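Subject: Structure handover

Hello,

The structure is below, with its sequence. My notes on what was found follow after it.

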Amino acid sequence: MTRLLSPSRCRALGACLATALLAGCGGGHDDDRFDVRAGLRNLMTQPRALTLTGSSGTVSYTLTLTNTPQQAGTYPRTAQVGARSELVSRLWVSAATVDTVSTLNHLDSDGLAFGSTDGSDRCTDISSTPTSALPTAALRTQSGPQAVHEEYDSCSASATRLGQAASSWRLVGEDNDRWTMLCVRSVRISSVSPVSMVVGALTEHCHEIASDGTIGARARATVTLSSGTALTMKNY
């Protein structure tokens, strides 16, 4: 679902409007259940825009994330046709933009990604967890796999493989379980050769979720800079 990051770039998803149920909730219950399948689909297919902020010492950081559905198109590595959605992230240090990344995700009929392309004409084959394996009534303590990402240096059928990464989902309660977050975590498994990160990589993004999978307004993201510093930015 979420396009995993290349080593030098930050790619991300956003969140839409909060539901009144979550916004007004005074506390959750351990047996509350959430439609993870619908939540992951909504993150990929629905338009949204987020502004997250954080700081490290005296330096302030801002991460803006937008998701914009596009017309259907063809994934160049396999010629498979599907819906598409453009994810754009911009990282700001104080008042200066230091990184902008645009990723075009190619979606199957269930709204999950099967491939993605970036601004450098590179492709990533994505093996998303089948929707039949994604829970529709998960407990707040549950987690599971989301996708495996095979990154290539171009979009041709003979492209060189650059590395592999994996992503997973988990549910977590926030603010004494007043609301629940659906988090997607990215882990790099292998690389053909060492690659130095220009700015940072998004290692986890979390979004408020209602029991029916509606994505709420609250969100946070963790970005790891090339220096090894991990930054957490949020909008609540």
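A residue is called buried when its relative accessible area is under 20%, exposed when over 50%, and partly exposed in between, with a 1.4 Å probe and protein chains only. By that rule E151 is buried, with a relative accessible area of 4%.

This is a predicted model, in which local features need pLDDT of at least 70 and side-chain atom pairs count only at pLDDT 80 or more, while totals for chains, interfaces and linings use all residues. Residues are numbered from 1 along each chain as its sequence is written, and side-chain values use heavy atoms, with hydrogens and water left out.

Salt bridges

A salt bridge here is a side-chain nitrogen of Lys or Arg within 4 Å of a carboxyl oxygen of Asp or Glu. The count comes to 11 salt bridges.

E151 makes one of them with R188, with 2.9 Å between the closest N and O atoms. This pair links E151 in strand β9 to R188 in strand β11, 37 residues apart; strands are DSSP runs of E of at least two residues and helices runs of H or I of at least four, numbered from the N terminus. R188 is partly exposed, at 30%.

R220 and E174 form another, at 2.8 Å between the closest N and O atoms.

D177 and R140 meet at 3.9 Å, N to O. D177 sits in the loop between β10 (161-174) and β11 (179-191) and R140 in the loop between β8 (138-139) and β9 (143-152), so parts 37 residues apart in sequence are tied together. D177 is partly exposed at 24%, whereas R140 is buried at 8%. D32 joins R140 and D177 in a network of salt bridges.

Strands β5 to β7

Two strands pair if DSSP finds at least two bridges between them. β5 (residues 96-107) and β6 are antiparallel over 5 bridges, and β6 and β7 are antiparallel over 3 bridges. In β6 (residues 113-118), 6 of 6 residues are buried. G115 is the bridge partner of H106 and also stands opposite D125 in β7.

D125 counts as buried at 17%.

Regards
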